[in-house]
Amino acid sequence: MATSAVPTPSLIVGFRLGNKRAAVFGSGQAAASRAVFALDAGADVVIYGDNVSDGLGKWISNGRVTVVSSSKYSSSDIAGFSVIFVTDPSVAPAVAQDAHAHGIPVNVAGSSDLSDFSLLPTYRGASSLQVAVTTNGVAPRVANQLLKEIVSKLPTGLDGQLKEVAQLNHLAQETERKRAAALAKLDALGNQQEESAPQDISTAVTAAQTPVHPLSSPGSVADGAAVATADLGALCIGTVSALTVDAAASYVAYGLSDLCFVYAANEQDVGVQALAWSRQAEKNAFGEWVSALRMQTRAGAGHALWGSVAAGSRVSAVATAPSLPHMLPVLAELVAQRRAAVLHVAAQSLDEQADLQTDLSDAFVALQSGAVFLASASAQEAHDLALIAHAVSHAAAVPVVHLTNGSAAAADSTSVNVAGYAQLTEFVAAVAAVAASGATDPAGTVSAAFVQFAQTFGRTYQSFEYTGSIDASTVVVAVGATASNVQAELPALVKETDAGLLTVRTLRPWDAQALFAQLPQSVERVVVLRDAQDDIAPDALFSDIAAAAFIARPAAPVRVTSQNVYGLSPIDVTNTVRASLGLEPLAVAEETAVEETAVEETAAATAEVSLADTEPQAHVDSVLAIAQRLAFPEAFATELTARPGEKTFTVKVSSAYRMTPDSYDRNIIHIEFDARGTGLTYEIGDALGVFGHNDAAQVAEFCSLYGLDGSQHVTAIKDGQSQTR
């Protein structure tokens, strides 16, 4: 039968080589060009040859190209490759035979008989566009000419348009995937509620059914209301950020959970960050989307939480204290079944003026549940204790209630050192490892977590922390924000009397011996500050400390009294403490009425600035006065350094790089210092101050704009003392 002069048409396909391996047999430029084809398609390349082109140097250095002597090739090597290129005719028959035996496509230069495919003349655009033409070997020059003609007719800007199409397709696929995942989680949650919740309990779900179209809940604060959402993308890499108490706790809860429930009695805005992140389909530390759900607070609240925990989910909740009494049965069941869950609870209630105040009365009612109870004050402590709470819950298989500052002041943003996602998971794993080696009970796990946290982050926490006089006769005991307020005034109190402060961070499990181990032996009286709107409600903290005093020191009775500071301002709390210590109250500054005056805008506005009496008054001295101060620095308290009295060291910056992507508006720089040979020592817990220098050009520009002489010495006078710099 006669053979046709027209070759059989080939099947044109696009072969994706991402995360695959390609082999090239040959040397010189021909082998290098095949290697580049495979590299451009995403493959890692092994070249069997003895004379490799210099053009492959960058790929060899980054590990994507490996060079092996052709003499070391063995037939067994070929099994690990997805495609083979051969440019060395001396090995072509043997390599092609090996490739065909293993079902691997092979291209042999100059031999269509040995080749399974051919390389086409191809145009590759800046985006995803590729254009190829083939005549199946009949007229290669014609194919090249046709390709040039086609490319010349392509519309301008086509690559940019294709990039936009690719982004839209990717967004559509991601949205559909997240929508399906959200629906599946909500369906699972509904099944759990039907199986476990009594008929008289209803749950209003207001989380995002999809990341794009959130559901709304009747009778609840609109989740879509304007909320300043923290940038989770920046937080999860580890940064210093301004956060509220709720945002700091919610970040940790979101990062370490699959499901995050929000229980907000009286419609307080807690958990709003978690709800916002969920609507935006942000991922947790495990690379998964978190379903954040707003729930109703009523009898039986918490059954959805219990069902999710029983199903094996990592579960947390952000709640207000009035929710806790409704959750008592669920908390007790979680304790009995040794199930892990974390509740971040704002200790708060509304006073008669509908203002938020710190209130621990509802939290104290829930102490009987058997769960672990931790308490924090500031946003930084809320972040830190939230992480410790999750680690303890995971390691000891016990529910943990983390009480946060619920006062109106907690809504203010303060600077927080945020642990990145990797640090969150690593810390939880480290505490679990320590617990597995011996500290299996909740009390031991809490202590181990405090120690591990200090070692990891350099910030120290204890169940009971004492500060003040070493021979104090009276000690004030407080929790959370109230303890923080007293701590701020303690230095002044200690100057007037022998007093101390005991900050309670672990309310359960309660350790009476550990508490009194922190107190001086000289203590005769303990004053417990309570935050309770109901003045006749049982005071669990007072009862615990009174019992502890009897247990720990039966031979030397300690008198325990209580003062309710609910709704008091910081100055009123201070005066309550001073009164309990027998000190005169501090004077409260009277408010001064300021008459508002309308000021019309003018083309050139000027303003006079008057410095307060407490601020240092500065002036430029005469030449003679400056000479005197420089000649006799000790007599005139002349300082020529920016930080007088502080020892400084000059260290070398060994590494500095930007941690945040270029798309972020915050520029976070990671800097490493080399302190070798400088005499600077640093241990965990030390604070390192970095003194920068003003840019000389900017200083000169500033002086020029304000008509100042940068070489002049300035004398500042404060409290009757002067310093020249």
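How many cavities of 30 Å³ or more does a search of the whole structure find? The search finds 4.

Before you click, note that this is a predicted model, where local features need pLDDT of at least 70, side-chain atom pairs count only at pLDDT 80 or more, and totals for chains, interfaces and linings use all residues. Residues are numbered from 1 along each chain as its sequence is written, and side-chain values use heavy atoms, leaving out hydrogens and water.

On a 1 Å grid over the protein atoms alone, a cavity is a set of points where a 1.4 Å probe fits but cannot get out, while a pocket is an open set with protein on both sides within 12 Å along at least five of seven lines; lining residues have an atom within 4 Å of a point.

**Stop one: the largest pocket**

Select F117, S118, L119, L120 and T122, the closest to the pocket's centre among its 45 lining residues. The space here is about 1,700 Å³, a volume being the space filled by probe spheres set on the points, which are joined across faces, edges and corners.

Next, colour α1 (28-40), which gives the largest share of the lining, 5 residues. Helices (H or I, at least four residues) and strands (E, at least two) are DSSP runs, numbered from the N terminus. Also supplying at least two residues each are β4 (83-86) and α4 (140-152), among others.

**Stop two: the second largest cavity**

Now move to a cavity of about 50 Å³. Select β15 (399-405) and α15 (480-496), each supplying at least two lining residues; β15 gives the most, with 3. Finish by picking out other lining residues, including A347, T358 and A375.
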